[in-house]
Amino acid sequence: MTERATISLKVLEGLYAVATGKLTHVNNGSCPDILEGALIRDDECLACKMLDAVDIQMREAGVALPAQVTSASV
Ligand SMILES: [Zn+2]
């Protein structure tokens with residue numbers, strides 16, 4: 001991967017917490033999963049808010065989400 005974008009350390013910490021399972025989704029129906037897809041977010045879920053922050057910074061940097069995230073199949 002050679003593409004680079006600036007990301008705040010706070011957002012990176014949040015992403016790391018979600019990725020390692022330190023911060024888990026509430027899973028009340030609107031969190032990303034195999035049924036709902038990768039791009040859905042729950043406004044009441046802190047893990048989803050962390051992913052939202054990543055989404056925003058990637059969008060602002062003009063970086064597209066990886067194809068494995070945006071594709072319909074897993
Ligand atoms: Zn969630």
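**Burial.** I started with how much of the chain is tucked away: 12% of its 74 residues count as buried. I'm noting here that I'm looking at a predicted model.

**Overall size.** Next I looked up the extent of the C-alpha trace, which spans about 35 × 30 × 20 Å along its principal axes. Then I checked the radius of gyration. A compact globule of 74 residues would come out near 11 Å, and the chain has 12 Å, so the two agree.

**Layout.** What is the chain built from? I found three helices and zero strands. Reading along the sequence, I get the pattern α-α-α. I also looked at how far contacts reach: among those between residues at least 6 apart in sequence, 46% join residues at least 24 apart.

**Helix α2.** I picked this helix to go through in detail. It runs over residues 46-61, which makes 16 residues. From its first C-alpha to its last I have 23 Å, close to the 22 Å expected at 1.5 Å a residue.

Which residues of α2 are buried? My list has Ala47, Cys48, Met50 and Leu51. Looking down the axis of α2, I see its buried residues fall within an arc of 155°, so they line one face of the helix. A reminder to myself: an α-helix has 3.6 residues a turn, so residues three or four places apart point the same way.

What do the buried residues of α2 pack against? I traced them to α1, residues 9-20. Then I turned to the other side of α2, where Ile56, Arg59 and Glu60 are exposed.

I also checked what comes just after α2. There Gly62 takes a positive phi of about 75°.

**Gln57.** How many other C-beta atoms lie within 10 Å of Gln57? I have 17. Buried needs 20 or more and exposed needs 12 or fewer, so Gln57 goes down as partly exposed.

Which residues does Gln57 touch, leaving out those up to four places away in sequence? I wrote down Ile7, Ser8 and Val11.

Last, I compared Gln57 with Arg41. The two are 16 residues apart in sequence and 16 Å apart in space, C-alpha to C-alpha.

Terms used: Residues numbered from 1 in each chain as written. Predicted model: local features only at pLDDT ≥ 70, side-chain atom pairs only at ≥ 80, totals over all residues. Helix = DSSP H or I, 4+ residues; strand = E, 2+ residues; numbered from the N terminus. Expected span 1.5 Å × (residues − 1). Arc of directions from axis to C-beta. Contact = placed C-beta atoms within 7 Å. Rg over C-alpha atoms; globule rule 2.2 N^0.38 Å.
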